[in-house]
Amino acid sequence: MSEQEQEKQYKLNEIIRKEILANSVKLFEIYAPEIAEKVKAGQFVIVHMDEYAERIPLTVAAHDKKNGSITIIFQEVGVSTRKLGTLKQGDVILDVVGPLGRPSEIKRVGTVVCIGGGVGVAPVYPITKAFKEAGNHVISIIGARTKDLLILEEMMGAVSDELFITTDDGTVGHHGFVTDVLQQLIDNGREINLVVAVGPIVMMRAVAKVTKEPGIKTVVSLNSLMVDGTGMCGGCRVTVGDEVKFTCVDGPEFDGHKVDFEELLKRSRIYVEEEEKANKEYECKLKEAEEARKRAKTRVPMPKQDPKERIKNFNEVALGYTKEQAMREASRCLECPKPTCVAGCPVEIDIPAFIALIKKGDFIGSVHKIKEKNSLPAICGRVCPQEEQCEAACILSKKGQPVAIGRLERFVADYESQQGNVEIPNIPEPTNKRVAVVGAGPAGLTVAGELAKMGHSVTIFEALHKAGGVLVYGIPEFRLPKKIVQRECDYISKMGVDIRVSFIVGKTKTIDELLKTGYDAVFIGTGAGLPYFMNIPGESLNGVYSANEFLTRVNLMKAYRFPEYDTPIHRGKNIAVVGGGNVAMDSARVSLRLGAKNVYLIYRRAREQMPARDEEIENAFEEGVKPLLLTNPVRILGDDKGWVKGIECIKMKLGEPDDSGRKRPIPIERSEHLVEVDMVVMAIGQGPNPVLTSTTPDLKLTKWGNIVADEETGKTSKKGVFAGGDIVTGAATVILAMGAGKKAARAIDQYLKDGKW
């Protein structure tokens with residue numbers, strides 16, 4: 001054991017080392033300082049694994065007083081030893097009792113032959129060592145059925161003057177039995193003063209038979225069936241000469257020439273039928289467990305609309321889990337003592353706790369557990385990239401699929417809504433502090449909800465006529481139904497948050513004006529709402545949309561239901577969507593639902609470099625979106641009326657990685673080609689809108705126009721003003737914006753209490 005291991009404070013009966021010595025033969029070094037202090041060669045302990053387990057007698061193979069440890073070696077034969085063998089280093093055995101039995105009588109007698117058969121080599125080792133240390137000439141004979149089952153050869157050799165090895169099949173050493181070698185020694189006239197044999201009953205009986213005629217004193221160590229190990233039960237009784245002895249208190253060592261081996265064999269078979277039955281049942285349980293492990297590698301699939309049907313409507317693609325599916329998926333959670341999934345959640349949800357409640361069927365309790373940290377579970381369950389965050393950290397992902405955390409979060413949020421009993425958390429007494437939140441997107445809604453739960457008065461100012469930000473204008477109905485967003489916004493309102501729509505901070509009022517009219521702090525969560533274009537020829541042609549305009553018309557203004565709704569949109573038959581992120585996928589899938597015949601996804605890198613979620617890419621391609629990968633637009637062509645008629649592209653190849661870590665796309669010379677389309681959607685990203693920042697001159701910005709804010713607190717260069725989400729980081733994900741809002745809420749609360757900046 002290393003010095004570092006020695007310094008560790010072990011628990012009593014903790015397995016501090018585990019080794020597999022041979023097939024089904026295990027070694028445990030156990031921390032048991034009181035036993036290690038007193039045990040002697042030949043003694044044994046009773047091991048009781050847990051409250052359901054059998055009490056198993058096992059000879060102590062070695063001990064270390066300094067480390068406070070004992071070593072036991074056993075072979076997995078019956079159910080009890082097989083279960084014992086499943087324990088790992090670090091596990092704690094319920095009970096280890098001992099030292100029991102009489103120690104071996106060790107003295108200097110001359111030449112001692114120590115014989116170990118099978119796993120019996122382990123208990124004979126300390127006896128051999130003790131006789132050697134007492135000054136005897138020690139000859140050891142160890143045997144096993146085959147080479148693979150042979151154990152402790154080197155250790156036995158180190159404490160023996162002579163070592164002989166036998167195997168029943170001849171794979172190593174003498175081809176035969178230990179008694180063959182013993183007989184040869186006797187036949188060769190070797191003087192033998194004592195023979196000690198430990199192993200199977202038939203082997204010890206055979207040894208005693210060989211030594212009886214020449215009159216060589218022979219000691220055998222019996223491992224009889226017993227319960228308590230103190231003589232209370234009498235189950236370990238054995239006939240020695242004319243007397244009945246108890247192995248646990250009178251032994252375990254006896255004169256081999258006096259032991260009634262026939263009786264001992266019969267008594268050893270008392271529970272054969274029960275053990276066979278137990279083994280069969282255990283095998284069945286192992287098979288069931290293996291099947292469960294196989295099932296656990298694969299998550300419960302999410303029910304979805306058929307691709308052929310869903311491209312004809314804007315209904316939600318994912319249909320959600322049933323109660324049974326949710327509970328089945330939740331049952332895959334291992335409930336890790338140190339869950340790594342929580343660290344992967346930007347809003348710090350206690351993931352194992354909410355999943356454990358699903359297992360019990362307490363769906364309302366589960367959603368309440370989530371809402372302790374996250375006020376928007378129905379949204380997060382649908383659009384957050386769990387596969388890159390909490391699910392990526394799930395331990396099951398190492399050998400299979402992680403628990404579908406997002407799908408379970410969605411399920412309980414929807415279940416609560418369906419029951420009609422959405423509860424509002426207890427709001428503390430008002431602090432009389434007022435906070436203005438600019439933007440009703442994910443960051444703004446989160447910070448508002450958190451501050452409301454702290455007792456502060458919060459007003460959200462939203463530029464559009466609907467709260468939700470990117471959730472309502474950017475994400476399509478089939479991915480995030482707007483009724484879900486409205487439901488979550490209503491929840492925030494019920495907590496006392498005032499949501500004012502059609503109020504543009506920077507125009508209707510500036511940040512300074514808000515601070516002068518009674519607000520003690522301001523949080524800016526305006527997102528990234530300024531579309532980027534490629535600045536290539538033809539981008540001003542009719543039929544060229546930014547993804548922002550295209551999706552806002554469809555999602556917020558319901559252009560897909562024109563003329564029922566008044567906002568129109570051009571419906572191309574052959575559409576090119578440029579980009580590889582989630583916005584590009586949304587644009588391409590919306591295009592199909594608007595009736596496009598062909599939708600081409602033009603992306604300058606390979607499939608593996610696409611930043612979109614795998615699930616969204618899979619859905620898009622499944623629905624019929626046609627990828628044109630390693631392809632980049634160079635100009636858009638128009639007809640004489642100013643409408644798009646095609647897009648000229650160039651083929652790309654991947655070079656060395658760029659600053660993003662992805663391989664840099666490089667144009668291939670003379671690979672230009674034309675793709676005939678009548679509409680183009682540019683989905684290559686968006687940046688910060690300057691409407692607010694241009695009217696707040698003392699707010700420090702980056703060279704790209706994003707607000708400079710502390711990552712942990714959201715504090716900006718302007719006292720009392722905090723910021724978070726895409727306006728700070730650039731376009732990112734919903735959950736990261738929410739995480740920023742959560743951090744900012746804590747910092748705002750502290751600022752309102754102490755006024756420190």
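**Strands and their partners**

Modeller: Strands here are DSSP E runs of at least two residues, and helices are H or I runs of at least four, numbered from the N terminus. This is a predicted model: local features need pLDDT of at least 70, side-chain atom pairs count only at pLDDT 80 or more, and totals for chains, interfaces and linings use all residues. Residues are numbered from 1 along each chain as its sequence is written, and side-chain values use heavy atoms, with hydrogens and water left out.

Colleague: Which residue in β17 stands opposite Val 435?

Modeller: Strands pair if DSSP finds at least two bridges between them. β16 and β17 (residues 457-461) run parallel, joined by five bridges. In β17, the residue opposite Val 435 is Val 458.

Colleague: Which residue in β19 stands opposite Ala 436?

Modeller: β19 covers residues 521-524 and pairs with β16 in the parallel sense, over four bridges. Opposite Ala 436 stands Val 522.

Colleague: What is the bridge partner of Phe 44 in β4?

Modeller: β3 (residues 44-48) and β4 (residues 55-64) run antiparallel. Five bridges join them. The partner of Phe 44 is Thr 59.
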